[in-house]
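Biologist: I would like to learn how features of a structure are read from its coordinates. Could we go through them one by one?

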Amino acid sequence: MTQPKTAATLLSAMWFAAAISLPAEAVSDNAKAKRSFFSNLPEVEIHGFYEMRAGYRLRKDRYEKDMSIMENRFQLDLSSYLDWGDIKFKGDVFGDLVTEQADFDLREANIFTRPFDFMDLKVGRQVLTWGTGDLVFINDLFPKDWQSFFIGRDAEYLKAPSDAVKVSLFSDFANLDVVYTPQFDPDRFISGERISYWNSNLGRLAGEDAIIHTDKPNRWFRDSEIAARLYKNIKNYEFAIYGYRGFWKSPSGQNAAMTQVLFPDLNVYGASVRGALGKGIANLEIGYYDSADDQGGKDFLVENSQMRYLVGYTQEIGRDFTAGLQFYVEQMLDYRQYKRNLPAGPAKDRDRHVVTLRLTKLLMNQNLRCSLFTYFSPTDKDVYMRPNVHYKVSDNLAVEAGANIFFGDYQHTFFGQFRNNTNIYTGIRYSF
Amino acid sequence: MKAICIITFVLVFSLPIFAADEPNSATEIPDINIIVNKANFVAYYQGNDGKARVKMTITSKQGQTREREFIILRRDDQDGGDQKYFVYFHKPVDVRKMVYMVHKHAQLQKDDDRWLYLPALDLVKRIAAGDKRTSFVGSDFLYEDVSGRSLEEDTHELVDVNDFLFVVKNVPKNPDTVEFGYYNVAIDRTNFVPMKMKFFDKQGKLHRVIESRKVEVIQDFPTVVKSIVSDLKTGNKTEMEFSDVKYNIGLDEDMFTERYLRRPPREAMR
């Protein structure tokens with residue numbers, strides 16, 4: 001569900017060009033300006049990569065193509081550092097044989113400035129992350145791209161960009177980040193395009209035959225999101241509390257006619273701590289998901305409120321060999337109301353438990369990285385595994401191969417619904 | 001990633017050398033504890049802070065080369081005590097703008113605190129303490145070469161003295177925790193700069209050599225600006241060159257916090 005937002009992109013590109021040429025225009029004397037125009041232009045660092053990636057499904061999926069990814073991608077990454085701040089532009093052009101389309105994805109277009117000693121400001125399109133989970137998110141309510149994640153793009157693409165203003169304030173007491181997104185930025189969620197999924201209305205798996213139609217909140221300033229984090233480091237134990245006011249990031253409701261999925265109102269309050277424990281790093285995070293459109297839990301069309309808990313531990317268990325274990329619980333509140341009001345179809349359990357295990361081993365002077373990330377849910381009885389082998393042939397060239405493996409006892413569970421999307425992929429990337 | 005290790009090494013070799021008040025006369029030989037303490041001080045704790053641009057060239061036995069380029073900032077909390085390091089990567093390009101930060105703790109039983117910032121994800125990652133005898137960023141330098149090995153880990157013995165050098169033999173107190181049997185360090189008598197380190201395996205065979213190839217005086221501090229490590233077992237070599245070395249630049253303690261991980265100080269970027 002990429003949204004090119006072409007106009008916004010063009011604007012940002014023009015804006016980028018204008019911004020970096022500002023210092024040159026500021027020179028009043030014409031002759032001097034001519035002479036020094038090029039020397040006055042700020043230095044622009046130009047980087048990026050070219051990548052080819054191919055992947056296939058290992059199981060027949062009657063709703064999707066056999067090809068899971070067949071992509072050529074070019075990323076251009078421009079940055080410039082001026083006296084008053086930094087300007088950044090990063091965009092991808094890619095062509096894909098699965099969708100038979102070429103597309104542009106503007107990843108970043110922003111200005112960073114430090115107007116006061118106690119304040120940082122970042123305005124524009126940006127990638128945002130906070131929280132302590134490893135591929136599990138509670139208080140990080142910035143948009144994710146689940147489609148990219150499941151079809152085997154680089155892990156960088158799990159984070160979709162936000163069009164936002166980030167204000168950071170620093171003090172001895174604590175630090176505060178506030179992110180304001182004037183128009184709701186949803187996840188790039190599983191819509192049936194490229195990835196088949198469980199459609200509860202149809203009572204079966206579906207895909208390209210039943211693309212999800214959404215009614216997305218999209219009014220500027222009225223359908224906005226605000227996220228805040230107050231954090232403090234005490235003897236290298238990192239404490240944080242979080243707040244969010246906005247919408248469920250992936251569809252979590254339907255209209256009464258059940259023809260469109262909705263993004264109901266959501267408020268989240270949470271906290272986390274992270275720090276050294278024994279030989280490793282431990283993290284703890286909780287969040288209360290207040291589903292504001294269904295506070296009693298009676299509306300079966302809207303997701304119930306939840307409590308979410310995460311505890312994790314990472315440790316080096318051998319030479320260049322690291323293991324990370326996490327335990328995650330999603331607990332539905334008002335479960336009795338949910339059961340009472342549920343129409344026909346399989347009911348969810350009250351609690352969803354997920355265990356994740358990450359294993360990473362570096363070999364051959366750290367040029368070869370073998371990793372496996374596994375999600376396992378004992379309550380849903382489903383599994384998602386992400387094996388990956390990545391080799392750096394040279395400083396510029398890297399090759400990789402990996403898989404996204406789903407299995408489960410039931411068709412309707414979180415990972416079980418994706419079982420026909422199990423795929424393998426390979427890629428080659430030249431960075432410059 | 002293991003990039004952490006490099007920092008310490010860089011620090012050690014880039015730090016100002018202890019300037020002895022008077023040149024030692026050939027006959028005057030200080031106590032072994034004074035020698036190792038001075039060398040350790042020179043290697044890791046000169047100046048209140050420092051900055052260097054580091055270029056590493058890793059050459060395999062087959063002649064294939066890989067490059068690392070980064071800027072390292074160091075600040076001492078107190079001389080001989082805790083330190084903070086900030087490493088901003090310029091090369092290779094796939095890790096460009098990545099930041100590795102260490103709060104190094106001098107106490108033996110306390111592990112260092114380490115962070116990694118991945119700019120493409122805007123992710124601040126905490127890294128678990130690791131085996132200090134593993135490679136730093138895939139080079140032949142080990143974490144401990146970079147971050148320093150506590151004097152308390154080894155016993156020290158002065159095994160040779162000539163007109164220019166003290167040679168100190170260091171034997172680990174816990175041999176099971178390291179891959180070597182012992183190592184000898186040749187220390188310049190005039191400025192206490194470690195000039196050559198030879199590591200011998202448990203059978204007593206030489207397997208690893210670190211040499212200071214070029215020493216310059218910067219802001220009155222003798223500074224190793226080029227060093228080479230040779231791994232005699234694998235046949236690989238790593239050369240490390242320092243440029244733009246500056247001492248006492250007034251780095252603020254705040255520069256070693258999450259704020260600057262997410263947006264590095266200008267000092268680290270160029």
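Biologist: Leaving aside its neighbours within four places in sequence, which residues is Tyr88(B) in contact with?

Modeller: Bear in mind that this is a predicted model. With those neighbours set aside, the contacts of Tyr88(B) are Phe70(B), Ile71(B), Val99(B), Pro264(B), Ala268(B) and Met269(B).

Biologist: Which residues touch the most other members of the largest nonpolar core?

Modeller: In soluble globular proteins, nonpolar side chains tend to be buried together. Here the largest nonpolar core has 61 residues, and those that touch the most other members are Ile72(B), Phe86(B), Val87(B), Tyr88(B), Val99(B), Met101(B) and Ile187(B). Helix 2 of chain B provides the largest share of this core, namely six residues. Another core, of 22 residues, lies apart from it, and includes Ile69(A), Trp146(A), Ile151(A) and Phe406(A).

Biologist: Which residues of helix 2 of chain B are buried?

Modeller: An α-helix has 3.6 residues a turn, so residues three or four places apart point the same way. In helix 2 of chain B, the buried residues are Ile35(B), Val36(B), Ala39(B), Val42(B), Ala43(B) and Tyr44(B). The length of this helix, residues 32-44, can be checked as well: at 1.5 Å a residue its 13 residues should span 18 Å, and the end C-alpha atoms are 18 Å apart, which agrees.

Biologist: How many bridges join strand 11 of chain B to strand 12 of chain B?

Modeller: Ten bridges join these two strands, which run antiparallel, and within the pair Val215(B) stands opposite Val224(B). Their hairpin has two residues between the strands, with Gln219(B) taking a positive phi near 50 degrees. Strand 11 of chain B is also joined to strand 10 of chain B, again antiparallel, by five bridges, and Phe200(B) stands opposite Leu206(B) there. That hairpin has five residues between its strands, and Gly204(B) in the turn has a positive phi of about 85 degrees.

Biologist: How many residues of chain A are in contact with chain B?

Modeller: The size of an interface is often given as the accessible area lost when the parts come together. Counted by contacts instead, 31 residues of chain A meet 27 residues of chain B. Strand 15, strand 16 and strand 17 of chain A each supply at least two residues of that side of chain A, and strand 17 gives the most, with three residues. By class, the side of chain A that touches chain B has nine nonpolar, 13 polar and nine charged residues.

Definitions and conventions:
Residues are numbered from 1 along each chain as its sequence is written. Chains are lettered from A and ligands numbered from 1 in the order in which they are written. This is a predicted model: local features need pLDDT of at least 70, side-chain atom pairs count only at pLDDT 80 or more; totals for chains, interfaces and linings use all residues. Two residues are in contact if their C-beta atoms, placed from the backbone, lie within 7 Å. Helices (H or I, at least four residues) and strands (E, at least two) are DSSP runs, numbered from the N terminus. Ala, Val, Leu, Ile, Met, Phe, Trp, Tyr, Cys and Pro count as nonpolar, Asp, Glu, Lys and Arg as charged, and the others, Gly among them, as polar. The expected span of a helix is 1.5 Å times one less than its number of residues. A residue is buried if 20 or more other C-beta atoms lie within 10 Å of its own, exposed if 12 or fewer, and partly exposed in between; C-beta atoms are placed from the backbone. A nonpolar core is a set of buried Ala, Val, Leu, Ile, Met, Phe, Trp, Tyr and Cys residues joined through C-beta atoms within 7 Å. Two strands pair if DSSP finds at least two bridges between them.
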